[in-house]
Amino acid sequence: MFRWIAGIVGFAFAAAVLVAFGSDLRTYFKAPPEATAEHEFHREHKELKLASDGPFGQFDKQQLQRGFQVYKEVCSGCHSLTRVAFRDLHQLGYEEAEVKAIANQWQVEVPSVNPDTGEPATRKAVPADHFPSPYANETAARAANNNALPPDLSLMAKAREGGAAYVYSILTGYQNQPAELLEKFPAAKTAQGLHYNPYFANLNLAMPPPLTSEGQVTYAPGNPKPTVDQMARDVSAFLVWTAEPNLQGRHKSGWPVVIFLIIATLLGFLSYREIWAQAKRKVPSKGPSAPASKAKRTRTSKKAGVTG
Ligand code: HEC
């Protein structure tokens with residue numbers, strides 16, 4: 001009796017799910033979702049090749065230094081980098097004195113407390129400090145940016161699909177709204193204070209184009225020309241480092257681990273054979289590949305005069 005009731009309840013549930021699915025399917029085909037400007041005009045990120053790509057990738061320190069320079073001179077005006085400390089810059093090849101100087105001369109001071117009065121105060125950064133936010137708090141950041149919040153860039157290369165290539169595409173992707181878009185979707189006109197960029201998910205970004213002219217940042221002699229494209233590449237490479245400073249170590253230790261696992265698998269397999277050898281030999285083998293059948297076959301072939 002109880003089983004019957006359980007069966008009927010189960011069947012009713014399954015039927016309800018099926019009916020709901022069928023009706024959704026009908027609505028989908030009767031009134032398909034309307035095309036949107038985002039759907040038609042959003043573009044996949046561009047290609048970007050970096051020295052750190054792939055399982056053998058290593059950072060190009062020269063490029064990371066240029067990228068840091070772009071961050072320092074352009075992006076740090078709005079974006080923080082709170083997960084990276086000044087002393088981490090050693091990894092980019094800066095000497096201790098240089099790191100100290102960079103921290104000391106950073107345009108924003110770090111929050112602290114006045115030791116005499118206990119009042120909030122600021123002091124110059126030291127290598128142990130993390131890169132400070134240019135704004136006192138979120139409200140101040142939004143107030144200065146048309147109510148949009150410039151996100152912290154430390155993990156940006158991990159946070160978006162495409163990583164560094166996405167950042168590069170955003171930086172070099174600003175353009176005028178295509179006439180075709182306005183014709184088809186007049187309501188999707190870029191609003192005041194926003195900027196059209198087809199690589200951004202909703203096509204309109206609150207960040208004004210940060211890199212606009214060649215030579216905006218002056219590179220040291222021996223480096224490529226600071227074109228907008230080059231600066232965008234460099235700062236994207238730099239953000240790969242901030243998101244994963246130990247990438248090189250991970251790449252280096254990956255291979256020995258893979259080789260060790262291969263050897264361990266081989267040893268495991270051999271000891272399995274060794275341990276089971278006795279037990280398995282007890283089972284007499286049958287069929288065409290059994291030694292007895294093989295010998296018989298050879299004998300018959302020989303008798304019949306077949307060779308090979
Ligand atoms: C004038 C201030 C300003 C400057 C300078 C600036 N940004 Fe932004 N950035 C913003 C704001 C505001 C947003 C948030 C945009 C939004 O949500 O619409 C943003 C968002 C971003 C995003 C995130 C986009 C996303 O998918 O959410 C990235 C990446 C970025 N900025 C990188 C940079 C880099 C790299 C630089 C330096 C070359 C830079 N920004 C310079 C204000 C700025």
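Colleague: How many Å separate the centres of domain 1 and domain 2?

Modeller: In this predicted model, the domain assignment gives residues 40-80 together with 151-245 as domain 1, and residues 82-132 as domain 2. Taking the centres over C-alpha atoms, the separation between domain 1 and domain 2 comes to 26 Å.

Colleague: Which helix gives the most to the side of domain 1 that touches domain 2?

Modeller: The contact between the two domains takes 9 residues from domain 2 and 10 residues from domain 1. On the side of domain 1 that touches domain 2, the greatest contribution is 4 residues, and these come from the helix that spans residues 61-73, namely helix α3.

Colleague: How many charged residues does that side of domain 1 have?

Modeller: If we sort the residues of domain 1 that touch domain 2 by class, we find 4 that are nonpolar and 4 that are polar. The remaining class on this side of domain 1 is the charged one, and its count is 2.

Colleague: Which residue in β3 is the bridge partner of Val-113?

Modeller: Strand β2, at residues 110-113, and strand β3, at residues 120-123, run antiparallel and are joined by 4 bridges. The hairpin that they form has 6 residues between the strands, and in this hairpin Gly-118 takes a positive phi near 80°. Looking at the pairing itself, Val-113 has as its bridge partner in β3 the residue Pro-120.

Colleague: Why is the protein described as more spread out than a compact globule, and what is its radius of gyration?

Modeller: The protein has 11 helices and 6 strands. For 308 residues the globule rule gives 19 Å, and the protein is more spread out than a compact globule because its radius of gyration is well over that value. Along the principal axes, its C-alpha atoms fill a box of roughly 100 × 65 × 50 Å. The radius of gyration itself is 33 Å.

Definitions and conventions: Residues are numbered from 1 along each chain as its sequence is written. This is a predicted model: local features need pLDDT of at least 70, side-chain atom pairs count only at pLDDT 80 or more; totals for chains, interfaces and linings use all residues. Domain bounds come from an automatic or database domain assignment. Two residues are in contact if their C-beta atoms, placed from the backbone, lie within 7 Å. Helices (H or I, at least four residues) and strands (E, at least two) are DSSP runs, numbered from the N terminus. Ala, Val, Leu, Ile, Met, Phe, Trp, Tyr, Cys and Pro count as nonpolar, Asp, Glu, Lys and Arg as charged, and the others, Gly among them, as polar. Two strands pair if DSSP finds at least two bridges between them. The radius of gyration is taken over C-alpha atoms; the globule rule is 2.2 Å times the number of residues to the power 0.38.
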